[in-house]
Amino acid sequence: MSSPPSSPRRIAVVGAGLAAVSTCDALRVQGYDGELVLYSAERGLPYDRPPLSKDVLLGKARREDVLLRPAQWYEERRVQLREGARVCAIRPQSGGVELADGTVAAADRVVLATGGTPRLLPVPGGDDPAVRLLRTWEDAERLRERLLPGTRVIVVGAGLIGAETAAVAVALGCRVTLVDPVPVPLAAAVGGDIAGALHRRHTAEGIEVVNAGVASVERSPGGLLVRLAGYGGTLAADTLVAGIGIHPATEAAEAAGLRVDNGVVVHSGQRTSHPNVFAVGDVARPDGHRVRHEHWEAAQRDGEAAALGILGRPVPDAGAPWFWSDRYGSRLEAVGTMADAGRHVLRGDPDSGAFTAFGLLGDRLVAAAAIDRARDVKAARRLIDRGVPLSSTELTDEHTDLRALLKR
């Protein structure tokens, strides 16, 4: 890849999620003094998405409660926020972005923070408007209106969004059925022990859990009829929520000829295959990594890295990825990639509901996941990043101070 020209005069950031706002913030912190334009396809100030499946659905948070930054921040940082301005194409060679209304705006650098679009159920009826998705504020508002006491709710997908939505629905008095063809969802991300404990909690909270796929979705006089695959039955619902992940929004990148493979492929500093274009957040996949990190902190760090990359400055190693999920009053935290581990060991009593799983490769810690044991994860993150040699005994012994192991 060739180096981009120096001192960009105008930077266009496409998208308005955390990665986009973090990029703008980091550019100003790093001293960038040029023109900075943030294009948002939605109306209103950019907001945080994790609360949508938690406090927003519960009715505990208003939009102003989940804003990423207040209105004055955009003025103080001299960020030109273009609301309702959907970018349909980028022009990296000539330098610009094309809006849906046909307007072409100049830009020396373009940052793609386009995120992703929710996956539709890939079955007959899966695209029916009655099948609810949860990605935007409007999605959350429409779904919240449906989560009334006694309502029959089917949630398809028991990953992070699906599990959190199911937990909220049952807390609101809905009759909830959670459907997923994977026996223990999230096992690849957090290990079988933690994933199993999380999944069993659904049943304990009064949710019916069905291990099956969906064959079709049909309208019926009483609402919706869901035919199951590999289960031999049907389920009736008033509301169905599909929480089966997202497709990275790579259309503009592909049309511009950027390298795309399960996301826009990026290198150090979030550089894409074109020197004038950078990508951050859910849409970006680091070259050499198998997965995209669709998590809050990853989006924030991508923005910081992109700012350094755009300005031609060194980018420090981000370290092991970290994420969290809240449900039923408990918090899951995970760091690293559990699928990279050769073996797993446990710290704490799984029957207590609060314990930690460590993933080791040789004598190095590569991942950890915990339920309501934040200190373990905090220490594990530092042990992973520093590559401290460890034994299984040290990790499993509750009398071992994990922080003391960092002194090696």
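Reply: What follows is a set of questions and answers about a predicted model.

Me: Which residues of strand 1 lie on one side and which on the other, and are they buried or exposed?

Reply: In a regular strand the side chains alternate between the two faces of the sheet. In strand 1, which spans residues 10–14, Arg-10, Ala-12 and Val-14 point to one side while Ile-11 and Val-13 point to the other. Both faces of the strand are covered, and these residues are all buried.

Me: In which sense does strand 1 pair with strand 2, and what is the hand of the crossover between them?

Reply: Strand 1 and strand 2 (residues 35–39) are joined over 5 bridges in the parallel sense.

Me: Which residue in strand 7 stands opposite Ile-11?

Reply: Strand 1 also pairs with strand 7 (residues 109–112), again in the parallel sense, over 4 bridges. Within strand 7, the residue that stands opposite Ile-11 is Arg-109.

Me: How do Trp-73 and Tyr-74 pair: stacked or edge-to-face?

Reply: A pair of aromatic rings is described by the distance of the centres and the angle of the planes. For Trp-73 and Tyr-74 the centres are 4.9 Å apart and the planes are at 90°. Because planes over 60 degrees apart count as edge-to-face, the pair formed by Trp-73 and Tyr-74 is edge-to-face.

Me: Which residue lies over the face of Trp-73?

Reply: Trp-73 is buried, with a relative accessible area of 7%. At 5.2 Å from its ring centre, the residue lying over the face of Trp-73 is Arg-69.

Conventions
Residues numbered from 1 in each chain as written. Predicted model: local features only at pLDDT ≥ 70, side-chain atom pairs only at ≥ 80, totals over all residues. Heavy atoms only, no water. Buried < 20%, exposed > 50% of the residue type's maximum accessible area, 1.4 Å probe, protein only. Helix = DSSP H or I, 4+ residues; strand = E, 2+ residues; numbered from the N terminus. Pairing = 2+ DSSP bridges. Phe/Tyr/Trp six-rings, centres within 6.5 Å; stacked < 30°, edge-to-face > 60°. Lys NZ or Arg CZ within 6 Å of the ring centre and 35° of its normal.
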